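Hello,

Here is the structure you asked about, with my notes below it. Please read them with the model open.

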Amino acid sequence: LFSSFKTWAYSQVLSTCSKDGALISVEENSHQILFENNSQKLIYPASLVKLMTAYLTFEALQKNQLNLHKELTFSSRAQEISRINKVNTLGIKEGDKISVEKALQALIIKSFNEASIVLAEAIADNEWNFARQMNKKALELGMINTSFRNASGLHEEGQYTTASDLARLAIHLKKDFPQFYYFFAMKEFVYNGKIIKTHNRFLIEYDGAEGMKTGYTNVSGYNLVSSAKNAQKRIFAVVTGCSSSRKRDDLSKFLLDLSFLEEQENNNFNFKKISVKSAN
């Protein structure tokens, strides 16, 4: 029966994600890996990069280098980046204003690239200096297989990470900044009188979902870092390399269902020992 289950689970992964896709699920407190595939494989993160942008912004808030109500000014660089994605954009112009709080909401809820630029420039004067801070922080957090090149996640050679490193970052976001973790559960925000809703369907559809961040480029495929909590446990999951957002969301739900089941059954099925590559 258990062998049949492993075969079924493996077929689900292969049918949902590319064979080279990377995934992992980790329990918050024990850091126990519950399920994984290719979790050390180098991948392109796309907008999952914005999780580190959020981390450094939370850190600046905690150190009182910024405050949530501080007004920031969009630069010419932010305007340039705003124009790259003609659909998912605030459509800002150089000189427009946004508060740190709204910029964080725009960054996390809707993944607006210009929000990453205005925050990066507020913290480090320019995006390149900010990328250096991102890499320094990555090493401090133990993300030894990660390299950042920009604050937004727009595709750039030399920018890479792993599912394992992303899970580590997600756990640190909750552990290091519990007072700001609520940003990842927000489903909408208002900017210039317009209500802007999340495109993170996982957050809306999964029972116990708390966030966190979607990502996509043509090169990376569809990625998602997710977190969910039941009565006893919080689990973080990373899914990358899927061929559609729906497949990415469904695989994330499947991964979390398996992970919570393993916790509920007190390791009776030993899901943590399954690497889907070896499940035949």
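**The sheet**

Strand 1 (residues 23–27) and strand 2 run antiparallel and are joined by four bridges. Within that pair, Val26 has Ile33 of strand 2 as its bridge partner. Please keep in mind that this is a predicted model.

**Strand 9 and its partners**

Strand 9 pairs with strand 1 over five bridges, in the antiparallel sense. Strand 9 also pairs with strand 8, again antiparallel, over seven bridges. Strand 8 and strand 9 form a hairpin, with four residues between them.

Leu23 stands opposite Val239 in strand 9.

How many of the nine residues of strand 9 are buried? The count is nine of the nine, so strand 9 is largely enclosed by the rest of the structure.

**The cores**

Nonpolar side chains tend to be buried together in soluble globular proteins. In this model, the largest nonpolar core has 64 residues. Those with the most contacts inside it are Met52, Phe58, Leu104, Phe184 and Met212. Helix 2 (residues 50–62) gives the largest share of this core, eight residues.

There is also a second, separate core of 19 residues. Phe35, Cys242, Phe254 and Phe260 are among them.

Leaving aside residues up to four places away in sequence, Phe184 touches Leu51, Ala54, Phe58, Ile108, Leu173, Leu203, Glu210, Gly211 and Met212.

**Helix 4**

Is helix 4 (residues 100–109) largely enclosed or exposed? Eight of its 10 residues are buried, so helix 4 is largely enclosed by the rest of the structure. The buried residues include Val100, Ala103, Leu104 and Gln105. Ala106, Leu107, Ile108 and Ile109 are buried too. After helix 4 comes Ser111, with a positive phi near 60°.

**Two asparagines with positive phi**

Asn38 has a phi near 55°, which is positive in a residue other than glycine. Asn38 lies in the loop between strand 2 (33–37) and helix 2. Asn64 is not a glycine either, and its phi is positive at about 65°. Asn64 is in the loop between helix 2 and strand 3 (71–73).

Which of the two is buried, and which is exposed? Asn38 has 13% relative accessibility, and buried means under 20%, so Asn38 counts as buried. Asn64 has a relative accessible area of 67%, and exposed means over 50%, so Asn64 is exposed.

Best wishes

Key: Residues are numbered from 1 along each chain as its sequence is written. This is a predicted model: local features need pLDDT of at least 70, side-chain atom pairs count only at pLDDT 80 or more; totals for chains, interfaces and linings use all residues. Side-chain values use heavy atoms; hydrogens and water are left out. A nonpolar core is a set of buried Ala, Val, Leu, Ile, Met, Phe, Trp, Tyr and Cys residues joined through side-chain atoms within 4.5 Å. Buried means under 20% relative accessible area, exposed over 50%, partly exposed in between (1.4 Å probe, protein chains only). Contact means heavy atoms within 4.5 Å. Two strands pair if DSSP finds at least two bridges between them.
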